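Trainee: Could you take one part of this model and go through it closely? I would like the packing described in a connected way.

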Amino acid sequence: MRTVRAPATSANLGSGFDTFGVALERPADVVSVERAERTTIEVTGAGAQFIPEDPKKNTVGAVAEALDAPAHIRIDKGIRPASGLGSSAASAAGAALALNDLYDRGLSREELVPIAAEGEAVVSGAAHADNVAPSLLGGFTIATADGVRAVDTNVPLVACLPEEPISTRDAREVVPNHVTIEEMVTTVGSAATLTLGMCQSDPKLVGRGMVDEVVTPNRAALITGYEDAAAAAVDAGAYGVTVSGSGPSVLAVCAPDRRRNVAGAMVEAFEANGEKARAYRTWTGDGAEFV
Ligand SMILES: Nc1ncnc2c1ncn2[C@@H]1O[C@H](COP(=O)(O)OP(=O)(O)O)[C@@H](O)[C@H]1O
Ligand SMILES: N[C@@H](CCOP(=O)(O)O)C(=O)O
């Protein structure tokens with residue numbers, strides 16, 4: 001048997017749609033695998049009742065098939081599904097690392113990224129790698145068509161998760177198909193600023209680089225209370241705020257000692273809009289690990 005803890009992640013970070021991602025120190029899924037004749041799946045933990053155990057519908061089933069590694073797979077969910085915190089991706093990343101070892105496939109973590117992304121295609125219709133990459137590699141990752149690059153970084157974060165779920169598949173419907181040249185120039189500037197901020201572990205630069213006027217406004221409109229939560233986070237000291245992944249979570253970057261205030265302000269703002277919410281005070285973290 002092999003057991004892996006795979007962390008939650010926050011994708012896009014505003015300016016890096018389908019490209020940027022960070023691993024969070026918490027929460028995380030725990031995935032255990034045992035060799036079997038055919039793949040079976042058992043899910044417990046946060047939101048387990050909303051997650052299919054059919055291998056054709058669960059992200060880990062696609063991973064087992066891609067690695068030709070049938071197994072009994074147990075998933076203990078620490079990350080609620082439809083959260084915008086890479087819930088489906090964490091299970092896929094954990095299964096990829098565990099099955100690669102169980103079946104001695106000898107693939108590197110970088111080589112496991114596209115395999116784990118197959119799981120994402122099952123649930124969202126797109127094999128986007130921006131969640132599985134940081135869940136496998138840790139830190140800040142840049143996933144592009146020609147591979148993935150990871151940067152070790154140390155940035156304080158707050159992820160606030162409102163109760164109302166949003167599925168990635170639905171949230172991809174509101175992504176615009178076209179951008180203007182002005183929007184492209186702004187996005188490139190933001191993305192470059194954010195990358196520099198991650199390389200220098202500078203939360204102020206990261207916050208400036210989260211600005212995005214292309215995808216984020218449409219996604220934010222799907223989240224009840226987003227504008228108030230974002231404004232409250234900035235008032236409480238956040239350097240930048242954006243939609244985490246496809247939402248509904250909201251990601252804020254701030255100084256380490258402002259995390260409690262920022263977390264409290266966002267939860268309060270959501271609650272004033274009739275949305276229960278919880279906040280994770282966290283940091284950029286490591287990738288999946290054997291436990
Ligand atoms: N192992 C898994 N963990 C979480 N969700 C899964 C898993 N396998 C399939 N799903 C399905 O994926 C969807 C959640 O994924 P997604 O919409 O991308 O949200 P998130 O941003 O939390 O990953 C739900 O419909 C859920 O049933
Ligand atoms: N790039 C994807 C990221 C989805 O992240 P998730 O945590 O919501 O699954 C997108 O924005 O659609």
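Mentor: What follows looks at one pair of helices, and then at another helix and the loop after it.

The model is a predicted one. Start with helix 9, residues 226-235, and helix 10, residues 259-272, whose axes come within 8 Å. The two axes cross at roughly 155°. Angles over 145 degrees count as roughly antiparallel, so helix 9 is roughly antiparallel to helix 10. The crossing of the two helices is right-handed. On the helix 9 side, the contact is made by D228, A229, A232, A233 and D235. Helix 10 contributes V262, A265, M266, E268, A269, F270 and A272. Sorted by class, the residues of this contact are nine nonpolar and three charged, with no polar ones.

Helix 10 can also be taken by itself. Its 14 residues should span 20 Å at 1.5 Å a residue, and the end C-alpha atoms are 20 Å apart, which agrees. The buried residues of helix 10 are R259, V262, A263, A265, M266, V267, A269 and F270. Helix 9 is one of the elements against which these buried residues pack. The others are strand 7 (156-162), strand 9 (250-253) and strand 10 (277-283). Just after helix 10 comes G274, which takes a positive phi of about 80°.

Helix 2 covers residues 87-102, 16 residues in total. From its first C-alpha to its last, helix 2 reaches 23 Å, close to the 22 Å expected at 1.5 Å a residue. Helix 2 is followed by D104, whose phi is positive and near 55°.

That leaves the loop between helix 2 and helix 3 (109-124), where R105 is found. R105 has 15 other C-beta atoms within 10 Å, so R105 is partly exposed. Leaving out residues up to four places away in sequence, R105 touches L67 and N100. How far is R105 from V250, C-alpha to C-alpha? The two are 37 Å apart in space and 145 residues apart in sequence. V250 belongs to the stretch 250-253, which is strand 9, one of the elements that the buried residues of helix 10 pack against.

Key:
Residues numbered from 1 in each chain as written. Chains lettered and ligands numbered in written order. Predicted model: local features only at pLDDT ≥ 70, side-chain atom pairs only at ≥ 80, totals over all residues. Axes fitted to C-alpha atoms, helices over the stretch in contact; angles between N-to-C directions. Helix = DSSP H or I, 4+ residues; strand = E, 2+ residues; numbered from the N terminus. Parallel < 35°, antiparallel > 145°, perpendicular 65-115°, else oblique. Left-handed = near helix turned anticlockwise from the far one by under 90°. Contact = placed C-beta atoms within 7 Å. Nonpolar A, V, L, I, M, F, W, Y, C, P; charged D, E, K, R; others polar. Expected span 1.5 Å × (residues − 1). Buried ≥ 20, exposed ≤ 12 C-beta atoms within 10 Å, placed from the backbone.
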